Amino acid sequence: MNSTRDRLPATITTDRLVLTTPTLAHVPEMAVLANSRAIHEVLSRLPHPYGESHGRDFVENIARGPEEFAWSILLQGTYIGTMGLHLLPDQLPELGYWLGQPYWGHGYATEAAQAVVAAARIAGYRALRSRALLTNAASRNVLRKVGFIETGEDVDKAGTLAGRQVMKMRLEFER
């Protein structure tokens, strides 16, 4: 089968980063970085506290499972976060990501997002969606930098953000 998902690259290299298949070697640093209240409060699917068992489950069962295509973000070989596409039937892929706090404000999220958006376009997706808390100006800014437009406010219906105001965003690819 040659689905759009099958055309996504396992590894993407940018000027400063390598986005690659999440592995068990990434789990110790993943657990340290993800075990952050500040990160948990802006993500809809990250448990808190976050331990190595969560990281192992992510790597073994979720990262490249039927509803996800995730990449570990590496900076000079060091794990700094995760970016991926949430792939639900009959919905546009949803771009999501998180970076460890020490790596905020250096342009890594934008650089990784540009690479994933380009890969999704080349793979044949027609558009992507994303969302961010209304109060998360930094994440909304990253998404705008890579071409997403804000399409309207909503109330998140599930996950840790349930009941909170989010901005829905969309990126259409030219054909």
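Me: Which residues lie nearest the centre of the largest pocket, and how many residues line that pocket?

Reply: Start with the general idea. Rolling a probe the size of a water molecule over the atoms shows where empty space is left. A pocket is an open set of points on a 1 Å grid over the protein atoms alone, where a 1.4 Å probe fits, with protein on both sides within 12 Å along at least five of seven lines. Lining residues have an atom within 4 Å of a point. Here, 48 residues line the largest pocket. Leu-43, Thr-82, Gly-96, Tyr-97 and Trp-98 lie nearest its centre.

Me: What should I know about the model before reading on?

Reply: This is a predicted model, in which local features need pLDDT of at least 70, side-chain atom pairs count only at pLDDT 80 or more, and totals for chains, interfaces and linings use all residues. Residues are numbered from 1 along each chain as its sequence is written, and side-chain values use heavy atoms, with hydrogens and water left out.

Me: What is the volume of the largest pocket?

Reply: About 1100 Å³. A volume is the space filled by probe spheres set on the points, and grid points are joined across faces, edges and corners.

Me: Which elements give two or more residues to the lining of the largest pocket?

Reply: Helices (H or I, at least four residues) and strands (E, at least two) are DSSP runs, numbered from the N terminus. Among the elements that give two or more residues to this lining are the helices α2 (37-40), α3 (52-62), α4 (108-123) and α5 (137-145).

Me: How many residues line the second largest pocket, and which lie nearest its centre?

Reply: It is lined by 19 residues. Nearest its centre are Glu-94, Arg-129, Arg-131, Asp-154 and Asp-156. The volume of this second largest pocket is about 310 Å³. Its lining holds five nonpolar, six polar and eight charged residues. At least two lining residues come from each of β6, β7 (149-155) and β8 (165-172).

Me: How many residues of α4 are buried?

Reply: Buried means under 20%, exposed over 50%, and partly exposed in between. In α4, twelve of its 16 residues are buried, so the helix is mostly covered. The buried ones include Tyr-108, Glu-111, Val-116 and Ala-123.

Me: What span does α4 reach?

Reply: The expected span of a helix is 1.5 Å times one less than its number of residues. From first C-alpha to last, α4 reaches 22 Å, close to the 22 Å expected. Gly-124 follows α4, and its phi is positive, near 115°.

Me: Which residue other than glycine has a positive phi near 60°?

Reply: Most residues other than glycine have a negative phi, and most peptide bonds are trans. Asp-90 has the positive phi near 60°. Asp-90 lies in the loop between β4 and β5. It is exposed, at 84% relative accessibility. Gln-76 also has a positive phi, about 50°, and is not a glycine. Gln-76 sits in the loop between β3 and β4. Its relative accessible area is 78%, so Gln-76 is exposed.

Me: Which two residues does a cis peptide bond join?

Reply: His-48 and Pro-49, with omega about 0°. Pro-49 lies in the loop between α2 and α3.

Me: Is Ser-130 buried or exposed?

Reply: Buried, because its relative accessibility is 6%. Ser-130 is in strand β6. Now take Trp-104, in the loop between β5 and α4. Its relative accessible area is 42%, so Trp-104 is partly exposed. The C-alpha atoms of Trp-104 and Ala-138 are 34 residues apart along the chain and separated by 9.2 Å.

Me: Where does the charged end of Arg-64 sit?

Reply: A charge sits over a ring if NZ of Lys or CZ of Arg is within 6 Å of the ring centre and within 35 degrees of the ring normal. The charged end of Arg-64 sits over the ring of Phe-69, 3.9 Å from its centre.

Key. Nonpolar A, V, L, I, M, F, W, Y, C, P; charged D, E, K, R; others polar. Buried < 20%, exposed > 50% of the residue type's maximum accessible area, 1.4 Å probe, protein only.
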